Amino acid sequence: MGMLDNIKEKMTEIIFPRRCPLCGALINSNERICSKCSRDVEFIRRPVCRICGRPLYSCHCRKGQYAFVRNVSPLIYTKAAKKGIHRMKFNDSPYSCTYFGKLMANAVRTEYLDSGIRFDCVIGIPMFKDDVLTRGYNQAVLLAKTVADEIEVPLLTKVLIKQIRNKPQHTLSHMERQRNIKGVFRVARPEMVHGKTVLLCDDVTTSGSTLNECALTLLDAGARAVYCVTATVAVLSEMPAIKAAAFGNGRL
Ligand SMILES: [Zn+2]
Ligand SMILES: [Zn+2]
């Protein structure tokens with residue numbers, strides 16, 4: 001880097017100071033996240049469930065439970081990651097989107113692309129249109145865009161549509177979540193997904209009901225297969241609304 005570039009970079013840092021994508025604290029140019037968040041953030045380590053993407057200690061899924069083939073996530077939805085997701089949702093924080101999106105793309109590379117799985121398109125879990133207008137953006141679509149750019153696969157928007165404004169899933173019990181999400185999505189242009197292998201993106205997986213319903217909707221519209229990647233996945237201790245008992249019979 002030339003001296004001029006160096007000065008330019010320093011000036012940019014003064015005008016637009018770098019912030020931790022998770023908590024928003026100021027960070028140095030050589031740091032990706034702040035030191036507190038790097039202690040707190042929990043990456044998902046093997047062994048991992050090859051269906052839901054949770055660490056095996058927290059997986060209660062069974063074969064055939066989900067319409068999607070598999071989900072992968074880089075992070076556990078806890079502490080630092082939770083803060084970052086919150087920033088992305090409510091603070092319009094593009095650097096948080098980039099941080100999560102790049103981690104998601106890495107997970108897609110190692111878990112899918114390296115095994116020879118190829119995608120025709122990337123889709124973010126849609127929000128109801130009035131909600132997008134209120135917030136100004138849909139963070140799942142922003143994540144999907146980063147992933148799509150990173151793996152060089154087209155991003156499809158306005159194809160999978162949320163046609164009903166349902167209650168927020170996190171406010172409901174496990175059984176209510178499944179009922180609450182039924183029939184909420186539709187595919188506006190089935191020809192765009194017909195015969196395609198789709199990569200679905202979202203910020204958090206809790207019960208997996210939303211990903212599952214989107215996958216069902218896409219498969220009904222003729223998609224060949226649906227795979228998922230989410231920035232974070234909730235483990236049992238982070239899901240107080242879902243009673244441990246609900247997992248006993250494998251009904252997640
Ligand atoms: Zn931080
Ligand atoms: Zn599982």
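Where is Pro47 found? Pro47 sits in the loop between α2 and β1, where helices (H or I, at least four residues) and strands (E, at least two) are DSSP runs, numbered from the N terminus. Before going further, a bit of bookkeeping. This is a predicted model, in which local features need pLDDT of at least 70 and side-chain atom pairs count only at pLDDT 80 or more, while totals for chains, interfaces and linings use all residues. Residues are numbered from 1 along each chain as its sequence is written, and chains are lettered from A and ligands numbered from 1 in the order in which they are written.

Back to that loop. Arg46 is also found between α2 (35-40) and β1 (71-72), and a cis peptide bond with omega of about 5 degrees joins Arg46 and Pro47. Most peptide bonds are trans. Is Arg46 buried or exposed? Arg46 is exposed, because it has 6 other C-beta atoms within 10 Å; the cut-offs are 20 or more such atoms for buried, 12 or fewer for exposed, and partly exposed in between, with C-beta atoms placed from the backbone. If you look over to Gly124, 78 residues apart from Arg46 along the chain, you'll find their C-alpha atoms separated by 26 Å.

Now zoom out to the domains. The bounds come from an automatic or database domain assignment, which gives domain 1 (1-40) and domain 2 (42-247). Taken over C-alpha atoms, the centres of domain 1 and domain 2 are 29 Å from each other. Seven residues of domain 1 are in contact with nine residues of domain 2, contact meaning C-beta atoms, placed from the backbone, that lie within 7 Å. The side of domain 1 that touches domain 2 has four nonpolar, one polar and two charged residues. In that scheme Ala, Val, Leu, Ile, Met, Phe, Trp, Tyr, Cys and Pro count as nonpolar, Asp, Glu, Lys and Arg as charged, and the others, Gly among them, as polar.

Next come two helix pairs. Helix α3 (residues 79-90) and helix α4 (residues 94-111) pack at an angle of about 130 degrees, with axes 8 Å apart. Axes here are lines fitted to C-alpha atoms, for helices over the stretch in contact, and angles run from 0 to 180 degrees between N-to-C directions. So α3 and α4 are oblique to each other: under 35 degrees counts as roughly parallel, over 145 as roughly antiparallel, 65 to 115 as roughly perpendicular and the rest as oblique. On the α3 side the contact is made by Gly84, Arg87 and Met88, and on the α4 side by Ser96, Cys97, Tyr99 and Phe100. By class, that's four nonpolar, two polar and one charged residues.

For helix α7 (residues 174-181) and helix α8 (residues 209-220), the axes come within 10 Å and cross at roughly 30 degrees. That makes α7 roughly parallel to α8. Arg177, Gln178 and Ile181 in α7 meet Ser209, Thr210 and Glu213 in α8, a contact with one nonpolar, three polar and two charged residues.

Most residues other than glycine have a negative phi. Glu152, not a glycine, has a positive phi of about 55 degrees, and Lys158, not a glycine either, has a positive phi of about 60 degrees. Glu152 counts as exposed because it has 6 C-beta neighbours inside 10 Å, and Lys158 counts as exposed with 10.

Technical notes
Contact = placed C-beta atoms within 7 Å.
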